Amino acid sequence: MRPPMRSGRTGGDGRDVRPEKKEKEKDPTSRLCSGLSDLQIGTNPSFQWISVYDQRPPMKQRYQSNIKNSRLRHHVERAHKDGLFISSVASPANDLWSFIVDDGTGFTSQVYDISSFFLPKDWIMKQWEDKYYISCIAGANNGRSLVIMSKGTSYTQQSYKVKHSIPLKWIDKKWKEGFHVTSMATSGSRWAVVMSRNSGYSKQVLELDFLKPSEDMNRRRERGYKITSMAATADQAALILSLPRRETTAEIQETLRTSAFPSSYIKDKWGKRMYITSVCYGRKVE
């Protein structure tokens with residue numbers, strides 16, 4: 001059975017913030033997000049890429065898609081040599097990885113691990129001891145995971161949870177403790193959620209199985225909420241919308257659903273100062 005949908009509770013200040021009455025009367029988790037547009041590329045009827053683009057000052061950015069395990073080190077070392085760090089990663093198939101690198105992360109150092117575990121607990125704990133924090137994760141259907149950990153983040157403490165369903169109660173508990181979701185990934189039917197202290201967010205909302213923009217969702221966007229994490233299995237898609245702790249100048253955010261990795265769209269958006277900030281692969285939402 002699918003877990004109950006809900007998104008009325010937000011975190012960041014240790015308080016339980018109740019949704020407005022109008023939101024209560026609807027499905028507690030509004031079924032949408034951020035004006036998703038369809039660009040059909042390819043023919044896979046069951047899975048899709050979901051990518052998010054933010055308007056930012058000019059920066060250097062690259063993407064790599066369908067990289068095999070054996071070639072990953074080459075691409076990562078090349079990026080680091082050029083001052084670029086991985087900002088988002090996803091897996092479209094077993095032992096294939098797609099990722100984004102850019103010079104806008106603020107990271108100063110980065111390590112990664114390809115593991116047969118989802119997620120590699122011992123390796124993660126060792127990196128925590130060295131003051132690295134999880135900055136993005138991805139899982140493949142064969143149970144492998146790719147974990148990226150970085151220095152130069154704002155995080156001061158992290159915790160993660162792996163379950164066969166979205167850990168809603170755990171997320172809610174951590175919100176009350178001052179944590180916010182900073183990474184999500186899936187492997188088969190399993191979900192991994194990473195939450196961090198000092199994330200820079202004041203409140204968050206969880207959205208499940210988003211379809212078309214809803215009145216509730218548009219209202220959140222007008223209040224400054226942005227998509228900051230997302231993941232999907234073959235059965236369910238989820239994303240996190242966050243409200244920054246500090247007020248920022250309103251900037252454009254766009255989302256795109258494609259059947260193939262959106263290479264041409266990424267290139268087109270660079271000329272408009274729109275940069276891809278998050279990507280995931282999973283359920284095709286009709």
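**Surface and fold**

Analyst: The accessible surface of the chain is about 13,300 Å², and carbon and sulfur atoms hold 47% of that. Areas come from the Shrake-Rupley method with a 1.4 Å probe; for residues, only the protein chains shown count as cover.

User: What sort of model is it, and how are residues numbered?

Analyst: This is a predicted model: local features need pLDDT of at least 70, side-chain atom pairs count only at pLDDT 80 or more, and totals for chains, interfaces and linings use all residues. Residues are numbered from 1 along each chain as its sequence is written, and side-chain values use heavy atoms, with hydrogens and water left out.

User: How many helices and strands?

Analyst: Six helices and 16 strands. Both are DSSP runs numbered from the N terminus: helices are H or I with at least four residues, strands E with at least two.

User: How much of the chain is buried?

Analyst: 52% of its 286 residues. Buried means under 20% relative accessible area, exposed over 50%, partly exposed in between (1.4 Å probe, protein chains only).

User: Switching to H6. Which residues are buried there?

Analyst: Tyr265, Ile266 and Lys269, in a helix that spans residues 263-270. They sit on the same side of H6 because they cover an arc of only 100° around the axis. That arc is taken from the directions from the helix axis to the C-beta atoms.

User: And what is on the face turned away?

Analyst: Ser264 and Lys267, both exposed.

User: Where is Leu208?

Analyst: In strand S12, residues 201-208. Leu208 is buried, at 0% relative accessible area. Its C-alpha is 9.1 Å from that of Ile240, 32 residues away in sequence.
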